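Reader: I am new to this one and would like a friendly walk around its surface. Could you show it to me first?

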Amino acid sequence: MVVDAHAHVIVPGLGADVAWDDRGQVVRYDGREVRAAVRELCDLARILEEQERAGVDVVVLAPWVNLCGVEVERQNEALAELVGERVAVLGTVDPARPEQVAELVRDGRLSGVEIPAAPGGDYLGHERFRDFWAAAQESGALVFVHPSTRGFGLPALEEHYLWNTVGNPVETTVTAAHMIGAGVLDDFPDLNVLLAHGGGALPWLRGRLA
């Protein structure tokens, strides 16, 4: 079975508007136009058509990372309605309200939660996320960690789309290493964590981190 575990979907009316023009798909958000997303972000039928052409059996949809934590209850309900035979869906929570994790997976429709790599500027090993990780382990929810920055604000990454192609995997690497260094995986050994973009450089840094 082929599973696409990294596909985004935008629930309309949450602050991001999606449209198509002669240049392709455009997401209007926070006064910006984002044209980096080339795959369908709203229409489930078109999403499934694209997955079918790619030979994917099951797609795991997750919120566009900029909308994580936005109108949690409303967004999760809309996301849950997308679940189907070939569609699994991850929801969103406010990490400061870990009880939302149990609420999210309670009825079995949503399979887990997406969380940015640095909510509020803190990486995921930070002490303030301990209750979140405890709730994630207890509920059995899959936690999908996705980068959130534009290359850490580094001028070297502003050109050639490097903030995405290099900066995003680096952010995933940093937050995963932060979790390891802070002992999150020692304290919560039964966590189910999925790192975006192949875990960034983490597989190649395993020995160095050890």
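Author: Gladly! One term to begin with: a residue counts as lining a pocket when it has an atom within 4 Å of a point of that pocket. Keep in mind that this is a predicted model.

Reader: Which helix gives the most residues to the lining of the second largest pocket?

Author: The second largest pocket holds about 180 Å³ of space. Its lining is made up of V72, E73, N76, E77, A80, Q100, E103, L104, D107, R109 and L110. Two elements give two or more residues to it, α2 (72-80) and α3 (99-105). With 5 residues, the one that gives the most is α2.

Reader: How many residues of the lining of the largest pocket are charged?

Author: The largest pocket has a volume of about 740 Å³. There are 29 lining residues, and those closest to the centre are H8, A36, A37, W64 and N164. By kind, the lining divides into 12 nonpolar and 10 polar residues, and the charged ones number 7.

Reader: Is V170 buried, partly exposed or exposed?

Author: V170 sits in helix α6, residues 167-181. Together with F152, L154, V166 and V174, V170 forms a nonpolar surface patch with about 350 Å² of accessible area. Buried means under 20% relative accessible area and exposed means over 50%. V170 has 36% relative accessibility, so this residue counts as partly exposed.

How values were computed: Residues are numbered from 1 along each chain as its sequence is written. This is a predicted model: local features need pLDDT of at least 70, side-chain atom pairs count only at pLDDT 80 or more; totals for chains, interfaces and linings use all residues. Side-chain values use heavy atoms; hydrogens and water are left out. On a 1 Å grid over the protein atoms alone, a cavity is a set of points where a 1.4 Å probe fits but cannot get out, and a pocket is an open set with protein on both sides within 12 Å along at least five of seven lines; lining residues have an atom within 4 Å of a point. Grid points are joined across faces, edges and corners, and a volume is the space filled by probe spheres set on the points. Ala, Val, Leu, Ile, Met, Phe, Trp, Tyr, Cys and Pro count as nonpolar, Asp, Glu, Lys and Arg as charged, and the others, Gly among them, as polar. Helices (H or I, at least four residues) and strands (E, at least two) are DSSP runs, numbered from the N terminus. Patches are made of residues with over 30% relative accessible area and no salt bridge: like charges are joined within 9 Å, nonpolar side chains (Val, Leu, Ile, Met, Phe, Trp, Tyr) within 5 Å. Accessible areas come from the Shrake-Rupley method with a 1.4 Å probe; for residues, only the protein chains shown count as cover. A salt bridge is a side-chain nitrogen of Lys or Arg within 4 Å of a carboxyl oxygen of Asp or Glu. Buried means under 20% relative accessible area, exposed over 50%, partly exposed in between (1.4 Å probe, protein chains only).
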